[in-house]
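Work through the exercises below with the model open beside you. Try each task before you read its solution.

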Amino acid sequence: SGLERFPSSAYLEGPEDFLGNRYLLEAQIVSQIVWDEQVGRILAVSATHDSVNIPIFIPASITENLHVGQRYRMRVNVVSGGLIQVEELRKF
């Protein structure tokens, strides 16, 4: 994809430092934190390369069936407030 790997550990130290940046995140779903049919869902995922758990937001426009334990390769964007928003994902 040509994207830099998501810097999970550095993100946790200062999420605002990454605003507006796009990354590749490979992660496994740990749990679903919240779901709203109109808005989307927030999941806890474990980044594959460093096993750090981070929250991600998946908008309602992404209609994949997502389950705990599944692994995904995602294109993410860090948006306002430091939120990690998924733009695209693919199971691997």
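**Exercise 1. Overall build**

What percentage of the 92 residues of the protein chain count as buried? Then describe the fold and judge how compact the chain is.

Solution. 
- Start with the source: this is a predicted model.
- Burial comes next: 39% of the 92 residues count as buried.
- Now list the elements. The protein chain has 1 helix and 5 strands. Along the sequence they follow the pattern α-β-β-β-β-β.
- Check the radius of gyration. It is 12 Å, close to the 12 Å that the globule rule gives for 92 residues, so the protein chain is as compact as a globular protein of that length.
- The C-alpha atoms fill a box of roughly 30 × 25 × 25 Å along the principal axes.

**Exercise 2. Classify aromatic pairs**

Which kind of pair do Phe6 and Tyr11 form, and which kind do Phe18 and Tyr23 form?

Solution. 
- A pair of aromatic rings is described by the distance of the centres and the angle of the planes.
- Recall the cut-offs: planes under 30 degrees apart count as stacked, over 60 as edge-to-face and the rest as tilted.
- The whole structure holds 4 aromatic pairs. In one of them, the centres of Phe6 and Tyr11 lie 5.3 Å apart with planes at 55 degrees, so this pair is tilted.
- Phe18 and Tyr23 have centres 6.3 Å apart and planes at 70 degrees, an edge-to-face pair.
- Check burial. Phe6 and Tyr11 are both buried. Phe18 and Tyr23 are both buried too.

**Exercise 3. Trace the salt bridges**

Which parts of the chain do the salt bridges of Glu87 tie together?

Solution. 
- A search of the whole structure finds 4 salt bridges.
- Take Glu87 and Arg22: their side chains meet at 2.8 Å, N to O. Glu87 lies in strand S5 (residues 83-91) and Arg22 in strand S1 (residues 22-36), so the pair ties together parts 65 residues apart in sequence.
- Glu87 also meets Arg75 in a salt bridge, at 3.0 Å, N to O. Arg75 lies in strand S4, so this pair ties together parts 12 residues apart in sequence.
- Shared partners join Arg22, Arg75, Glu87 and Glu88 into one network.

**Exercise 4. Two contacts of Arg73**

What does Arg73 form with Glu26, and over which ring does its charged end sit?

Solution. 
- Arg73 forms a salt bridge with Glu26, with the closest N and O atoms 2.6 Å apart.
- This pair links Arg73 in strand S4 (residues 71-79) to Glu26 in strand S1, 47 residues apart.
- The charged end of Arg73 sits over the ring of Phe92, 4.4 Å from its centre.
- Arg73 is partly exposed, with a relative accessible area of 36%.

Definitions and conventions
Residues numbered from 1 in each chain as written. Predicted model: local features only at pLDDT ≥ 70, side-chain atom pairs only at ≥ 80, totals over all residues. Heavy atoms only, no water. Phe/Tyr/Trp six-rings, centres within 6.5 Å; stacked < 30°, edge-to-face > 60°. Buried < 20%, exposed > 50% of the residue type's maximum accessible area, 1.4 Å probe, protein only. Lys NZ or Arg CZ within 6 Å of the ring centre and 35° of its normal. Helix = DSSP H or I, 4+ residues; strand = E, 2+ residues; numbered from the N terminus. Rg over C-alpha atoms; globule rule 2.2 N^0.38 Å.
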